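This report is meant for a reader who is meeting the structure for the first time. Please keep the model in view while reading the sections that follow.

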Amino acid sequence: MLNPEIRALVKATVPVLQQHGLALTSHFYRRMFTYNPELKNIFNQGHQHSGQQQQALAMAVLAYAQHIDDPLPLAPVLTRVAHKHVSLGIRAEHYPIVGKHLLTSIQEVLGEAATPELIDAWAAAYGQLADILIAEEHELYLAAANTEGGWAGWRPFRIARKVDESEEITSFYLVPADGGAVPGFRPGQYVSVKCFVAEWGLAQPRQYSLSDAPNREHLRISVKREAGGDGKPAGRVSNLLHAEKREGDILELSAPQGDFFLHEERSGPVVLISAGVGQTPMLSMLRHLLKTGSRREIRYLHAARHGGVHAMRNGLREMQERHAQLRAHVCYEAPRAEDELGRDYQQQGRLQLNQLREMTLLPDADYYLCGPVGFMLAQRSSLLDLGVAVERIHFEVFGSNAVGA
């Protein structure tokens, strides 16, 4: 535990971080990549170019300073960060490098305001945070390596099948290139995929949810091709996977990670709420529940722009026909002429949970959300307004964004 003097010095920087946090973290990343360019192979450069990562780090540093007296409220966030770090191959030896550049950036950005006492206080605070994350990540690496078919770090997988699921989503069925066992995972978790992006001259990791039930035959990811537009650049790795990777090609994968997963120890209903490619972890949960013979009631609520981008819709329809406990409700925001109401989708417009109370509000249900951040914020707010307990709402966020508590 940090002493009161150190905590007071760190808390005193909160107003400065609120005003200059983004400038500080932007300077930090520029500095770190200048002196340690090898770390560009670990950090998502797409998020760097968009400014998402800088903003996320600024918010994280501010939150840590605000909770320096009692970091316990940050525990769920730190657990999520630990899973992300392990999936990216971040190790204990990286923390001193990050710490050095963060402290130097504080000095360079704050100037005379960064007194030696303040730098020493932040060094102690960073050391405490690093120790927490290193310990948690160590346990995750051990668990990943010691599970059947598991490993730590990167492992080559071969693309056994490549299947177009919609106009913009393609599934990749992956098997170990070494001929070894396929690991299990908790439905809802993800893997990192590492590809070399020639344009940048870098290996780049991207995280994709596993979209099938756990099995010992393959791992499946379903990747949306990020075309870009409206000021947003095209996704380098997603486009590379769609356009260049073929059956038989090799991808490097991390072991499955993630703190968003199906709570199998519970017996109440399951409500799966998604938009777009956010349905991928929901499909893993859904298929697992049905595959294992679970008797839990399942509600599957999904939003898509139209049928052309609604991936795996035929499979959903077939599952609903075979399993009485599953009820689905699909909304198309702008259906095409060939999309059939009642068959392909049940409602035109956006998903509005307050219009689906009978289907959504089930006793002792758990609610799982995945999709764009704005979508999840809206659905979470609706669930809270409908009286759902906050501990029953679970969500997944990729990239550098977060859903507020």
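Cys-370 counts as buried because its relative accessible area is 4%, where buried means under 20% relative accessible area, exposed over 50% and partly exposed in between, with a 1.4 Å probe and protein chains only. Cys-331 is also buried, with a relative accessible area of 0%. The sulfur of Cys-331 lies 17 Å from the closest cysteine sulfur, that of Cys-370, which is too far for a bond. A search of the whole structure finds 0 disulfides, a disulfide being a pair of cysteine sulfur atoms within 2.5 Å.

## How the model is described

This is a predicted model, in which local features need pLDDT of at least 70 and side-chain atom pairs count only at pLDDT 80 or more, while totals for chains, interfaces and linings use all residues. Residues are numbered from 1 along each chain as its sequence is written, and side-chain values use heavy atoms, with hydrogens and water left out.

## The parallel sheet

An open sheet of 6 strands has the order 10-9-8-7-11-12, with parallel pairing; strands (E, at least two residues) and helices (H or I, at least four) are DSSP runs numbered from the N terminus, and two strands pair if DSSP finds at least two bridges between them. Strand 10 (347-348) and strand 12 stand at the edges, each with a single partner strand, so one side of each has no neighbour in the sheet. Strand 9 (residues 326-332) runs parallel to strand 10 and is joined to it by 2 bridges, and Tyr-332 stands opposite Gln-348 in strand 10.

Strand 11 (residues 366-370) pairs with strand 12 in the parallel sense over 4 bridges, and the bridge partner of Tyr-368 is His-394 in strand 12. The chain passes from strand 11 through helix 12 (residues 373-385) to strand 12 in a right-handed β-α-β crossover, a term that applies if, with the strands pointing away from the viewer, the path from the first strand over the helix to the second runs clockwise. Both faces of strand 12 are covered, with Ile-393 and Phe-395 buried on one side and His-394 and Glu-396 buried on the other.

## Helix 5 and His-85

Helix 5 (residues 75-88) has 14 residues, which at 1.5 Å a residue should span 20 Å, and its end C-alpha atoms are 20 Å apart, in agreement; the expected span is 1.5 Å times one less than the number of residues. Its buried residues include Leu-78, Ala-82 and Val-86, and among the elements that cover the buried residues of helix 5 are helix 6 (94-110), helix 7 (116-146) and strand 12 (393-396). After helix 5 comes Gly-89, whose phi is positive, near 80°.

His-85 is placed in helix 5 and counts as buried because its relative accessibility is 18%. Leaving aside neighbours within four places in sequence, His-85 is in contact (heavy atoms within 4.5 Å) with Ile-90, Tyr-95, Leu-133, Glu-137 and Tyr-141. An unreviewed UniProt entry lists His-85 for "binding site", and such annotations may be inferred rather than shown by experiment.

## Strand 3 and its partners

Strand 3 is mostly covered, since 7 of its 8 residues are buried. Strand 3 pairs with strand 4 in the antiparallel sense over 8 bridges, where Val-197 has Leu-202 of strand 4 as its bridge partner. The hairpin of these two strands has 4 residues between them, and Gly-201 there takes a positive phi near 65°. Strand 3 also pairs with strand 6 (residues 250-253), in the antiparallel sense over 2 bridges, and Val-193 stands opposite Leu-253 in strand 6.
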